Amino acid sequence: MAHYFTNDIVKDAPEEITIHFRDFTYKLNSNAGVFSKDKLDEGTRILLETVLDNQSEPVSCLDLGCGIGPIALILMEYWKHTEMTMIDVNQRACQLADSNMKKYRRKAKIICQSGINEGQYACILLNPPIRTGKAMIYSLFDQCMEHLATDGHFWIVMRKQHGAQSAIHYLQEKGYEVEKMARDKGYWVMKISKAGN
């Protein structure tokens with residue numbers, strides 16, 4: 001007999017997954033009901049590679065929609081002095097991210113909530129939750145730009161067929177500068193800055 005789980009009741013299926021990124025290998029705690037629970041999502045990998053190749057170490061960084069924490073964990077391997085904040089709406093993901101940070105002796109502020117309520121960040125990374133729909137995604141874009149430091153950079157990865165070009169138009173109409181930094185396997189990575197920076 002089939003079992004169906006709503007968003008509120010997700011089965012508990014803890015597992016350890018192995019992620020390889022450049023010279024590093026991580027064994028991360030994962031579980032059912034979290035984003036990309038069994039691997040490093042391809043869009044996330046392309047985003048990380050592009051950011052590390054093009055962004056100097058920032059004073060502060062926000063990993064929005066952090067999931068179980070691979071973005072922050074990998075960035076902190078390279079950025080030794082960055083103050084890292086992680087936000088996710090999924091409580092289980094936040095608990096797993098916390099356990100993974102402790103496993104690798106990393107210190108980050110982990111907040112379980114929807115969106116950004118406070119703070120200014122020199123660097124923000126987002127792999128948008130496409131399934132939530134355009135209105136939610138654009139709301140996240142607006143929040144990111146509101147909480148981006150004047151000379152900061154906001155990084156997004158999106159598939160072309162998931163509306164990357166529309167996202168660029170939306171951000172440009174708001175008066176922001178958008179640079180396409182990478183195209184790989186159908187993914188685009190964009191760097192967004194406040195005008196004049």
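Me: What should I keep in mind about the model and its numbering?
Reply: This is a predicted model, in which local features need pLDDT of at least 70 and side-chain atom pairs count only at pLDDT 80 or more, while totals for chains, interfaces and linings use all residues. Residues are numbered from 1 along each chain as its sequence is written, and side-chain values use heavy atoms, with hydrogens and water left out.

Me: Why is Asn31 called buried?
Reply: Buried means under 20% relative accessible area, exposed means over 50%, and partly exposed is in between (1.4 Å probe, protein chains only). Asn31 has 5% relative accessibility, so it counts as buried. Asn31 is found in the loop between strand 2 (24-30) and helix 1; helices (H or I, at least four residues) and strands (E, at least two) are DSSP runs, numbered from the N terminus.

Me: What makes the link between Asn31 and Asp12 a polar contact?
Reply: The term needs a pair of N or O atoms within 3.5 Å; within protein, one must be able to donate a hydrogen and the other to accept it, and residues adjacent in sequence count only if both atoms are side-chain atoms. The side chains of Asn31 and Asp12 make such a contact at 2.7 Å. The side chain of Asn31 also makes one with the side chain of Arg92, at 3.4 Å.

Me: How do you know that helix 1 has close to its expected span?
Reply: The expected span is 1.5 Å times one less than the number of residues. Helix 1 (residues 42-54) has 13 residues, and its first and last C-alpha atoms are 18 Å apart, close to the 18 Å expected. At the start of helix 1, a side-chain oxygen of Asp41 comes to within 3.2 Å of the backbone nitrogen of Gly43. Among the buried residues of helix 1 are Ile46, Leu47, Leu48 and Val51, and the buried residues of this helix pack against elements including helix 2, strand 6 (121-126) and strand 7 (148-159).

Me: What makes a group of residues a nonpolar core?
Reply: A nonpolar core is a set of buried Ala, Val, Leu, Ile, Met, Phe, Trp, Tyr and Cys residues joined through side-chain atoms within 4.5 Å. The largest one here has 35 residues, and Leu47, Leu75 and Leu125 have the most contacts inside it. Helix 2 (residues 70-78) gives the most to this core, with six residues. A second, separate core has 27 residues, including Ile87, Cys144, Ala167 and Ile168. In general, nonpolar side chains in soluble globular proteins tend to be buried together.

Me: Why is helix 2 described as mostly covered?
Reply: Eight of the nine residues of helix 2 are buried, among them Ile71, Leu73, Leu75 and Glu77. Contact means heavy atoms within 4.5 Å, and Leu75, leaving aside its neighbours within four places in sequence, is in contact with Leu48, Val51, Leu52, Cys61, Met84 and Leu125.

Me: Why is the pair of Phe141 and Phe154 called edge-to-face?
Reply: Rings of Phe, Tyr and Trp (its six-membered ring) pair if their centres lie within 6.5 Å; planes under 30 degrees apart count as stacked, over 60 as edge-to-face and the rest as tilted. Phe141 and Phe154 have 6.1 Å between centres and 70 degrees between planes, giving an edge-to-face pair. Phe141 is in helix 4 (residues 134-146) and Phe154 in strand 7, so their pair ties together parts that are 13 residues apart in sequence. Both Phe141 and Phe154 are buried. A search of the whole structure finds six aromatic pairs.

Me: How do you know that Lys180 sits over the ring of Trp188?
Reply: The rule asks for NZ of Lys or CZ of Arg within 6 Å of the ring centre and within 35 degrees of the ring normal. The charged end of Lys180 sits over the Trp188 ring, 4.3 Å from its centre, and the charged end of Arg183 sits over the ring of Trp188 at 4.8 Å. Lys180 lies in strand 8 and, at 37% relative accessibility, counts as partly exposed.
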